[in-house]
Each structure stands twice: as C-alpha cells, then as structure tokens.
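Hi everyone, thanks for coming. Let me put the model up on the screen and walk you through it.

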Amino acid sequence: MNLETKQESIMVCVHYGPHGQRLIQRGSELAMKLQAPLVVLTVDAGSDGDQEYSPEKQLYLSGWANQTKEAGGQFLTRSSGGRKPAQVIVEAAREHQVTQIVIGQSTQTLWQEITRGNFINELMELVGTIDLHIVAVQRYPELLEQTHERGFNAYLVKKGNRYILEDEPDGDEVLKGTFFRELDTDFDTGLFKIVKNGEAQYLRIVQSEWVKPE
C-alpha cells in the first residue's frame with residue numbers, strides 16, 4: 001500500500017521585542033532542513049481601529065520582514081480583532097497548511113501581552129495535529145552578544161519629555177550607561193544599560209531616543 005508523505009510547512013510566531021530575530025532564524029533553519037515552506041506571523045493585540053503607530057514597532061516589523069524574505073519565506077501580520085492570540089495563530093496555520101509552529105517562551109515583560117493568562121496551554125489545546133516547538137528565549141545579558149554590537153559608554157540627556165543618546169553629558173539631567181546597538185541597523189536603536197541600586201536595567205532606545213514611562 002502506497003502512503004503519501006505529508007509536506008511539512010513551518011510557521012514562526014514573533015511578538016514585539018528583541019527575540020523575534022532568533023526565532024525566525026530557528027524556524028528558517030528547520031524549514032531548510034525539511035525543505036519546507038516558511039511563514040512568519042506576528043499578531044497585533046489591538047483591534048483593527050486601535051493600532052497606534054510606533055517607530056520602534058515598525059523597525060521590528062521591517063527587520064522581521066527582511067529576514068523572512070532573505071530566508072525565502074512569507075511574512076504575515078494579523079490583527080487579533082478582540083480574539084485571543086492563540087486563535088489567530090491557529091487560524092493562520094490552518095490557512096497555510098502549517099504542520100509545525102515555532103514560538104518563544106520568556107519571562108521578559110516584552111512577552112507579557114501575548115503570554116498573559118495561559119497562552120501556551122490555549123495554543124496546545126487548539127493546534128490539534130500541528131507540532132509545537134517552544135523555544136526558550138534568553139534574558140537580555142545573555143542575548144546581547146547574539147543580537148547587538150559591542151557596547152560603548154554613552155549618555156541619555158533629557159531634552160523636553162525625551163532623553164537623547166549623546167556621546168557627552170551635556171545637560172542638567174543625564175543618565176550614564178552603556179549603549180548596545182542592534183545588529184544590521186543604520187540607526188542608533190538598541191539597548192541602554194544602566195546600573196541602579198546594584199542591579200542592571202535595560203532601556204529600549206529607538207533612533208537615538210528614549211521616552212521615560214510616566
């Protein structure tokens with residue numbers, strides 16, 4: 001009796017934050033090994049009419065789209081439309097006849113939105129026969145060497161309601177730290193490390209600016 005082998009198809013799910021690059025790389029390596037098509041999906045948790053423009057977010061989307069294209073895959077963005085992210089992911093997976101899904105699991109607050117509640121459990125209940133790969137993504141200090149250039153001393157100088165990345169401490173309110181620029185970018189976008197009360201904190205810098213949370 002002749003049994004047809006089902007064509008494998010890989011989908012990587014990325015969420016706003018610095019771990020997407022690593023997940024796409026993992027998924028593209030898997031797709032290459034299996035000679036399978038690759039789809040990369042990001043889910044916007046806002047409703048269709050409530051998607052604020054964010055320069056930082058657009059930089060991530062652009063970078064992911066380019067990385068996916070270079071890997072020969074297809075990049076998708078979907079709005080949740082008020083639904084749970086797990087439902088949107090499974091819907092897209094079925095549309096593209098996906099057989100394996102790659103997602104990241106982290107304790108970082110960057111993943112808080114998508115992992116709030118029991119996201120992993122909800123996804124496992126919905127995927128059916130689709131294989132699920134859960135990749136442990138590293139914390140910032142361990143991830144820096146893979147995703148950012150070597151750090152150098154810099155300053156965040158307050159100007160209005162923003163802090164601007166500068167080489168010199170020219171201002172009344174200044175934060176001193178170490179700046180790590182993201183790889184493969186022409187902008188001063190990356191992570192600014194400061195030490196406060198003996199603990200390292202990492203601030204997201206987008207095109208030389210940091211906006212202090214209110």
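Let's start on the inside. The largest nonpolar core has 20 residues, and those with the most contacts inside it are Met 11, Leu 41, Ile 89, Ile 101, Ile 103, Phe 119 and Leu 123. By nonpolar core I mean a set of buried Ala, Val, Leu, Ile, Met, Phe, Trp, Tyr and Cys residues joined through side-chain atoms within 4.5 Å. Buried is under 20% relative accessible area, exposed is over 50%, and partly exposed is in between, with a 1.4 Å probe and protein chains only.

Which elements supply this core? At least two residues each come from β1 (10–14), β2 (38–44), α3, β4 and α5, and α3 gives the most, with six residues. Helices (H or I, at least four residues) and strands (E, at least two) are DSSP runs, numbered from the N terminus. Apart from this core lies another, of 15 residues, including Ile 10, Val 12, Leu 30 and Ala 36.

A quick word on the ground rules. This is a predicted model, where local features need pLDDT of at least 70 and side-chain atom pairs count only at pLDDT 80 or more, while totals for chains, interfaces and linings use all residues. Residues are numbered from 1 along each chain as its sequence is written, and side-chain values use heavy atoms, with hydrogens and water left out.

Now look at helix α5, residues 119–126, where Phe 119, Ile 120 and Leu 123 are buried. Seen down the axis of α5, the buried residues fall within an arc of 95°, so they line one face of the helix; the arc is that of the directions from the helix axis to the C-beta atoms. Leu 123 touches Ala 86, Ile 89, Val 90, Ile 103 and Leu 132, leaving aside residues up to four places away in sequence. Contact here means heavy atoms within 4.5 Å. Just after α5, Gly 128 takes a positive phi of about 65°.

Two residues other than glycine also have positive phi. Gln 97 has a phi near 55° and sits in the loop between α3 (85–95) and β4 (100–105). Gln 97 is exposed, at 63% relative accessibility. For Gln 207, phi is near 50°, and its place is the loop between β10 (199–205) and β11 (209–210). Gln 207 is partly exposed, at 37%.

On to charges. How many salt bridges does a search of the whole structure find? Ten, each being a side-chain nitrogen of Lys or Arg within 4 Å of a carboxyl oxygen of Asp or Glu. One of them joins Glu 209 and Arg 162, with the closest N and O atoms 2.9 Å apart. Glu 209 lies in strand β11 and Arg 162 in strand β7 (residues 162–166), so the pair ties together parts that are 47 residues apart in sequence. Glu 209 is partly exposed at 29%, and Arg 162 is partly exposed at 34%.

Arg 181 and Asp 188 form a salt bridge too, with the closest N and O atoms 2.4 Å apart; Asp 188 is partly exposed at 26%. Elsewhere, salt bridges that share partners join Arg 78, Arg 83, Glu 91 and Glu 95 into one network. Within that group, the side chains of Arg 83 and Glu 91 meet at 2.9 Å, N to O.

That's my tour, so over to you for questions!
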